[in-house]
Amino acid sequence: MEKNFPNYRVYGDYETDFSLHPVHLDDVNTSTQLNNWAIEPHRHDDLYHLAYFYGGDGVLYMKGEALSLKAPCFCAIPAGDVHSFYVEQTIQGYLMTISRSYLDELLESSASCLRLLDRPSYIHGEKSFFALIDPLFQQLKSEYTARKQARELIIRALISLVFSYLSRHEADNDRLSAQRSAEDLNLWYYRQFQNMIGYSVAEKRPVSDYAAELRISATHLNRVCRAVAGKSALKVIHDRLISEAKVNLAYTFQSVSEVAYKLGFDDTSYFSRFFKSHTGVSPSVFKARVRKPD
């Protein structure tokens, strides 16, 4: 039986209007305690998460992968990604939920920051990074709860600083060169391509179809993908297929054959070979390894 993942505004709530209040900040200990220290698998299709843990421990599951939340730890979760938390009662930190459209507008002048919105980030134990991030989140908490004059402006500035430091960190780790103006256009094409894949991942559309929809050649789209992500357009499509397969294998009661059919594979054996060629394990082995912590 297929399990549908709740698409919340904030966890457990379908009603919060992010068009009026695009930023929501929760105390992690308080919010998880209300749910018996567990945030079950869910997604936010147009909302982005920033999570900062400065005390305690736990586990984050994202796309079938388990990540330690042993403090200090910072996570960024893109809109639409299925995720869950299981934490100890000693957990301390903040979970910020932000409208994706608000971030698109806030960060539009920075290609490197915009790139962060489409990929998860996970930073653990790096003292220099947390020396910068900790005071920003403490001030965000203060501004969010105090509701003083110029509150919205200050919150925008603090969120911009968080993304600026995160962008620098990612650039340092990846040894990225300074962005050129041509890369901004590449990034736009790449983000449009990713959105198209998300709506048609099971349709097995060829790269040329996506390229035609973008009004560029398949060769150009391949160059864009290699420039932005370091891989071909076909590899981008395959990676998205694998990501969706992992989510369904990890978080639903579907069999391997049901997941294969859902993702457009008529032959379960071919799906198993495809999955293993990209992950090193078969879908059945991957599904068996995923276990909810006690």
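Predicted model: local features only at pLDDT ≥ 70, side-chain atom pairs only at ≥ 80, totals over all residues.

Tutor: Helices here are DSSP runs of H or I with at least four residues, and strands are runs of E with at least two, both numbered from the N terminus.

Helix 11 covers residues 268-279, and because 12 residues at 1.5 Å a residue should span 16 Å, the 16 Å between its end C-alpha atoms agrees with expectation. Within this helix, Phe271, Phe274 and Phe275 are buried. These three cover an arc of only 95° around the axis, which puts them on the same side of helix 11. On the other side of the helix, by contrast, Arg273 and Ser277 are exposed. The buried residues of helix 11 pack against helix 9, helix 10 (256-262) and helix 12 (283-289).

The two ends of the helix can be described as well. At its start, a side-chain oxygen of aspartate 267 comes to within 2.9 Å of the backbone nitrogen of serine 269, while just after the helix, glycine 280 adopts a positive phi of about 90°.

Helix 9, one of the packing partners of helix 11, runs over residues 233-251, and its 19 residues reach 27 Å from first C-alpha to last, close to the 27 Å expected at 1.5 Å a residue. Helix 9 is mostly covered, with 14 of its 19 residues buried. Lysine 246 belongs to helix 9, and since buried means under 20% relative accessible area, this lysine counts as buried because its relative accessibility is 17%. Setting aside neighbours within four places in sequence, lysine 246 is in contact with Lys63, Glu65, Phe275, Thr279 and Phe286. Of these, threonine 279 is 33 residues from lysine 246 in sequence, and their C-alpha atoms are 9.9 Å apart in space.

Elsewhere in the chain, serine 200 sits in helix 6 (residues 181-200) and is buried, with a relative accessible area of 5%. Its side chain makes a polar contact of 2.9 Å with the side chain of tyrosine 210; apart from neighbours within four places in sequence, serine 200 is in contact with Arg205 and Tyr210.

Some backbone details in the loops also deserve a look. The peptide bond from alanine 71 to proline 72 is cis, with omega near -5°, and proline 72 is found in the loop between strand 5 (65-68) and strand 6 (73-77). Arginine 147, in the loop between helix 4 (127-146) and helix 5 (151-174), has a positive phi near 55° although it is not a glycine, and it is exposed, with a relative accessible area of 56%. Arginine 215, in the loop between helix 7 (207-214) and helix 8 (218-229), likewise has a positive phi, near 65°, and is exposed at 78% relative accessible area.

Among the residues lining it are Val28, Phe53, Phe85 and Leu95. Helix 1 (28-33) and strand 7 (83-87) each supply at least two residues of that lining, with helix 1 giving the most, three residues.

Notes:
Residues numbered from 1 in each chain as written. Heavy atoms only, no water. Expected span 1.5 Å × (residues − 1). Buried < 20%, exposed > 50% of the residue type's maximum accessible area, 1.4 Å probe, protein only. Arc of directions from axis to C-beta. Contact = heavy atoms within 4.5 Å. Polar contact = N/O pair within 3.5 Å; in protein donor to acceptor, adjacent residues only side chain to side chain. 1 Å grid on protein atoms, 1.4 Å probe; cavity = no way out; pocket = protein on both sides within 12 Å on 5 of 7 lines; lining within 4 Å.
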